[in-house]
Amino acid sequence: MSHSYTNLKYHVVFSTKHRSPWITTKLEPKLYAYIGGIIRNKRGQLIAIGGIEDHIHILAGFPQSRTVADMVAAIKSNSSSFGKENSGNPAFSWQMGYAAFTVSESQVPRAKRYIEGQKEHHRAMSYEDEVRELCRLQGIEIEDAFFRVKSVE
């Protein structure tokens, strides 16, 4: 019998539609818990989640049977519905697209600290500058179109 062994950890970043400040302090813990439930229901493992009013970072282990695109689509579509229902804001939705980076096991503690420190981090750096820097560090050339305001419902 053949066996497959994987340890697939990802740092995923995406923003609200128009980077609107819809993730309030009241909504944040419920939204983050809900996203954790989505990941667990897809047999993934939420390691850390954090962000500010207009975007979130997720550090999670995804199962080998799911693509990153499928996991992010499930997270965004289900949590968008949750956000609409629980924020009192029927316009709540996520911007199209996302950034995702693999994280080696040895870097998980560092990535977790980074994600948990988002509120402090964004006192000095914008979302756009942050994503550009994360992509640069990963050798990804990011297009300006990524920052244009399209949404996914």
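**View 1. I39, tucked away in helix α1.** With a relative accessible area of 0%, I39 is buried (buried means under 20% relative accessible area, exposed over 50%, partly exposed in between, with a 1.4 Å probe and protein chains only). I39 is part of helix α1, residues 27-41; helices (H or I, at least four residues) and strands (E, at least two) are DSSP runs, numbered from the N terminus. Not counting residues up to four places away in sequence, I39 touches G44, Q45, L46, I58, A60, M71 and I75, where contact means heavy atoms within 4.5 Å. S77 sits 38 residues from I39 along the chain, and their C-alpha atoms are 12 Å apart.

A quick note on what you're looking at: this is a predicted model, so to speak of local features takes pLDDT of at least 70 and side-chain atom pairs count only at pLDDT 80 or more, while totals for chains, interfaces and linings use all residues. Residues are numbered from 1 along each chain as its sequence is written, and side-chain values use heavy atoms, with hydrogens and water left out.

**View 2. S79 in helix α2.** Here's S79, in the helix that runs over residues 68-87. S79 counts as buried because its relative accessibility is 0%. Its side chain reaches the backbone oxygen of K76 at 3.5 Å. Setting aside neighbours within four places in sequence, S79 is in contact with L31, Y34, I35, I38, A74, F92 and W94.

**View 3. D54 in the loop between β2 and β3.** D54 is found between strands β2 (45-52) and β3 (55-61). Is D54 buried or exposed? At 15% relative accessibility, D54 counts as buried. Once neighbours within four places in sequence are left out, its contacts are S15, T16, R19 and S20. W94 is 40 residues away from D54 in sequence, yet the C-alpha to C-alpha distance is 9.3 Å.

**View 4. The two sides of helix α5.** Along α5 (residues 127-137), the buried residues are Y127, E130, V131, L134 and C135. They cover an arc of only 130° around the axis, which puts them on the same side of α5; the arc is that of the directions from the helix axis to the C-beta atoms. An α-helix has 3.6 residues a turn, so residues three or four places apart point the same way. Covering the buried residues are elements including β1 (9-15), β3, β5 (99-102), α3 (108-116) and α4 (118-121). Over on the other side of α5, R136 and L137 are exposed. Just past the helix, G139 takes a positive phi of about 75°.

Note on methods:
A polar contact is a pair of N or O atoms within 3.5 Å; within protein, one must be able to donate a hydrogen and the other to accept it, and residues adjacent in sequence count only if both atoms are side-chain atoms.
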